[in-house]
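Colleague: I would like to learn how to read a model like this one. Please start with charge, then take me through the rest.

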Amino acid sequence: MISDKLREQTNRFAKEIQALLNGTIASHVQMKAVAIPARGDDRLFALGHLIDKSMAARRFRLKPKAPKAELWMDVRFQLRLDAEREHLMVQQSFFGIFGSEDARHGLFHYDYERDKADGYPDAHLQVNADSAMFATLNDPREDPGRPLAKLHFPVGGKRFRPCLEDVIEFLIVERLVERRDGYEKVLEAGREGFRRNQLLAAMRRDPGAVEAFVDRYGLPGAVPG
């Protein structure tokens with residue numbers, strides 16, 4: 001059987017995300033992958049909790065610290081292989097926090113859309129909040145009544161955007177959710193892997209910078225002549 005690199009790497013990534021969530025702030029999350037219909041070699045997979053063939057992923061419940069509160073998380077990805085058909089690449093991702101399973105508006109969400117076409121930053125944060133000051137800044141000719149939730153705060157772009165581990169850590173350190181014992185090691189391992197992958201991707205896309213680094217500092221572990 002011919003190996004399907006995209007499917008294999010996607011399934012491996014799904015297991016990593018599932019272990020990350022269930023090892024920190026969630027229980028019984030089941031990250032599934034579904035192939036998105038595409039033409040030719042331009043193949044993508046959608047990834048989400050209990051996602052079905054219609055590409056609809058479900059939110060999963062978190063345990064908030066506040067009594068009688070509800071908290072739900074939405075985690076979704078679209079994945080493909082890079083231009084060399086070698087490494088798994090995130091085409092889109094969404095991390096959102098909501099007050100119910102079907103709430104339209106939540107507390108905040110992080111979006112990433114590679115090569116976003118509408119002029120907003122590829123990686124951005126949107127917060128559902130009010131600001132009296134912001135209301136005075138809207139141009140009544142162009143943006144009358146625009147809420148703060150419509151602002152797209154840039155967060156590091158394609159290469160240095162926040163990872164899911166950062167969002168989980170925020171929820172824990174701000175005392176919004178209950179966390180599992182030993183969550184620190186789970187987060188650190190996942191974050192280290194994400195940052196290493198991003199660094200390697202940056203090096204592949206900018207070999208000139210790698211060459212300049214080696215010229216100046218030499219190869220790691222190299223013995224001086």
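Modeller: Charge first. The protein chain carries 36 positive and 34 negative side chains, and the centres of the two sets lie 4 Å apart. Lys and Arg count as positive, Asp and Glu as negative; His and the chain ends are not counted. Each charge is placed at NZ of Lys, CZ of Arg, CG of Asp or CD of Glu.

Colleague: What should I know about the model itself?

Modeller: It is a predicted model: local features need pLDDT of at least 70, side-chain atom pairs count only at pLDDT 80 or more, and totals for chains, interfaces and linings use all residues. Residues are numbered from 1 along each chain as its sequence is written, and side-chain values use heavy atoms, with hydrogens and water left out.

Colleague: How many helices and strands does the protein chain have?

Modeller: Helices (H or I, at least four residues) and strands (E, at least two) are DSSP runs, numbered from the N terminus. Here there are 6 helices and 8 strands. Their order along the sequence is α-β-β-β-β-β-β-β-α-β-α-α-α-α. The C-alpha atoms fill a box of roughly 65 × 45 × 45 Å along the principal axes.

Colleague: What share of the residues is buried?

Modeller: Buried means under 20% relative accessible area, exposed over 50%, partly exposed in between (1.4 Å probe, protein chains only). In this chain of 225 residues, 36% are buried.

Colleague: Now salt bridges. What is the general idea?

Modeller: Side chains of opposite charge can pair when their charged atoms come close. The rule asks for a side-chain nitrogen of Lys or Arg within 4 Å of a carboxyl oxygen of Asp or Glu. The count by this rule is 18.

Colleague: Which residue forms a salt bridge with Asp4?

Modeller: Arg43 does, with the closest N and O atoms 3.1 Å apart. This pair links distant parts of the chain, 39 residues apart: Asp4 sits in the segment before α1 (5–22), and Arg43 in the loop between β1 (31–36) and β2 (44–49). Asp4 counts as partly exposed because its relative accessibility is 24%. Arg43 is partly exposed too, at 32%.

Colleague: Is Lys116 buried or exposed?

Modeller: Lys116 counts as buried, at 18% relative accessibility. Its salt-bridge partner is Glu113, with 3.3 Å between the closest N and O atoms. Glu113 is partly exposed, at 29%.

Colleague: Which parts does the pair of Arg191 and Asp166 tie together?

Modeller: Their side chains meet in a salt bridge of 2.9 Å, N to O. Arg191 lies in helix α5 and Asp166 in helix α4, so the pair ties together parts 25 residues apart in sequence. Arg191 is buried, at 5% relative accessibility, whereas Asp166 is partly exposed, at 24%. Salt bridges with shared partners join Asp166, Glu169, Glu188 and Arg191 into one network.

Colleague: Where is Arg180, and which residues does Arg180 contact?

Modeller: Arg180 is in the loop between α4 and α5 (183–205). Contact means heavy atoms within 4.5 Å. Leaving aside neighbours within four places in sequence, Arg180 contacts Asn22, Gly23, Thr24, Ala26 and Ser27. Arg180 counts as partly exposed because its relative accessibility is 35%. From Arg180 to Arg204 is 24 residues in sequence and 37 Å in space, C-alpha to C-alpha.
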